[in-house]
Amino acid sequence: MAQASVAQIGFGQVRHTRVRPRRHAFAYDTVFLLLPMRRLGDPAARGGLAVNRRGALSFHDRDHGDGRGPEAGGALAWLDALLASEGITDADGEVWLHTFPRVLGYVFKPVSFWYCHRADGPLRAIVVEVNNTFGGRHSYVLPVGDSLAHSAPKHFFVSPFNAVEGHYTFNFTAPEEKMSLGIALSVDDAPVLNAYVSGTRKPLTDANLLRAFLGVPLLTLKVTAAIHLHALKLWW
């Protein structure tokens with residue numbers, strides 16, 4: 001992780017391309033959060049972001065993991081337990097969460113990424129947390145070695161146009177000022193879809209929060225509406 005020590009907000013774009021059974025592509029502007037989860041309780045580290053309370057843009061622990069609230073250790077306690085269950089016990093450094101914010105209390109997060117570091121700094125694991133529009137959630141735990149490219153079998157229903165089969169390939173750049181990440185699905189070695197998120201992160205100041213809120217209004221409603229609209233187009 002770059003040398004940022006406080007919460008960040010990113011401005012960028014989501015691109016999605018479906019290769020088969022019918023080619024279909026779209027792109028839209030987006031904003032995202034990049035949060036230092038082990039320091040998020042410190043007001044100096046979270047900037048002007050509302051945490052576990054109402055706000056124009058906010059973060060809530062219950063939107064992640066098993067839904068536990070801050071009184072039960074929040075999403076970070078869930079993450080540490082998940083990593084331990086996978087035999088990863090040395091990701092005890094900072095954890096940076098790349099996710100969408102709640103907007104005016106509404107939330108839908110198609111995918112969130114947890115960058116889990118060792119206490120001495122190196123990245124130890126990445127957890128990819130996927131949500132579908134039916135209220136389901138699944139997490140892929142990716143140990144980090146010499147590469148930030150990973151492959152994992154698909155275990156979770158996301159779209160009625162794709163069965164629970166095939167493999168995901170995850171590609172990340174180190175989350176510096178400009179960052180990108182991609183997810184590709186293939187079945188029987190044939191590509192099915194590709195999704196990318198890219199953007200430039202900035203300190204999470206009140207000015208940048210206002211810029212995000214005014215620049216991409218009703219973000220999560222827009223994401224949900226776009227998912228259903230493009231599903232309707234594919235069905236038609």
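Let's start with two neighbours: strand 1, residues 8-18, and strand 2, residues 24-36, pair in the antiparallel sense over 11 bridges. When I say strand or helix, I mean a DSSP run, with helices being H or I of at least four residues and strands being E of at least two, numbered from the N terminus. Two strands pair if DSSP finds at least two bridges between them.

A quick word on what you are looking at: this is a predicted model, where local features need pLDDT of at least 70, side-chain atom pairs count only at pLDDT 80 or more, and totals for chains, interfaces and linings use all residues. Residues are numbered from 1 along each chain as its sequence is written, and side-chain values use heavy atoms, with hydrogens and water left out.

Which residue of strand 2 is the bridge partner of Phe-11? That is Val-31. Gln-8, for its part, stands opposite Leu-34 in strand 2. Strand 1 also pairs with strand 13, again in the antiparallel sense and over 11 bridges, and there Phe-11 stands opposite Thr-200.

Strand 1 is mostly covered, with eight of its 11 residues buried. Buried here means under 20% relative accessible area, exposed means over 50%, and partly exposed is in between, using a 1.4 Å probe and protein chains only. Arg-18 belongs to strand 1. Is Arg-18 buried or exposed? Arg-18 is buried, because its relative accessible area is 7%. From Arg-18 to Leu-185 is 167 residues in sequence, yet 9.4 Å in space, C-alpha to C-alpha.

In total, 10 strands form an open sheet with antiparallel pairing, and their order is 9-8-7-5-2-1-13-12-11-10. Strand 9, residues 137-143, and strand 10, residues 149-153, stand at the edges with a single partner strand each, so one side of each is left without a neighbour in the sheet. On average, neighbouring strands of this sheet are turned by 20° against each other, direction ignored.

What packs on this sheet? Helix 2, residues 74-85, does, touching strand 5 (95-99), strand 7 (111-117), strand 8 (123-131) and strand 9. Its direction makes about 115° with that of strand 8. For such angles, axes are lines fitted to C-alpha atoms, for helices over the stretch in contact, and angles run from 0 to 180 degrees between N-to-C directions. Contact means heavy atoms within 4.5 Å.

Helix 2 has 12 residues and reaches 17 Å from its first C-alpha to its last, close to the 16 Å expected at 1.5 Å a residue; that expected span is 1.5 Å times one less than the number of residues. Its buried residues include Trp-78, Leu-79, Leu-82 and Leu-83, and the buried residues of helix 2 pack against strand 5, strand 7, strand 8 and strand 9. Just after helix 2, Gly-87 takes a positive phi of about 80°.

Helix 3, residues 206-215, lies across strand 1, strand 2 and strand 13, which spans 190-203, and runs at about 30° to strand 1.

On to the rings. How many aromatic pairs does the structure hold? Six. Rings of Phe, Tyr and Trp (its six-membered ring) pair if their centres lie within 6.5 Å; planes under 30 degrees apart count as stacked, over 60 as edge-to-face and the rest as tilted. Tyr-140 and Phe-170 form a tilted pair, 6.0 Å centre to centre with 50° between the planes. Tyr-140 lies in strand 9 and Phe-170 in strand 11, residues 167-172, so the pair ties together parts that are 30 residues apart in sequence. Both Tyr-140 and Phe-170 are buried. Elsewhere, ring pairs link Phe-113, Tyr-115 and Phe-172 into a cluster.

There is another sheet to point out: three strands form an open sheet in the order 3-4-6, with mixed pairing. Strand 3 and strand 4, residues 57-59, pair in the parallel sense over two bridges, and Val-51 stands opposite Phe-59 in strand 4.

Finally, the chain as a whole. It has four helices and 13 strands, and buried residues make up 47% of its 236 residues. As for pLDDT, the predictor's confidence in each residue from 0 to 100, the chain averages 82, and 81% of the residues score at least 70.
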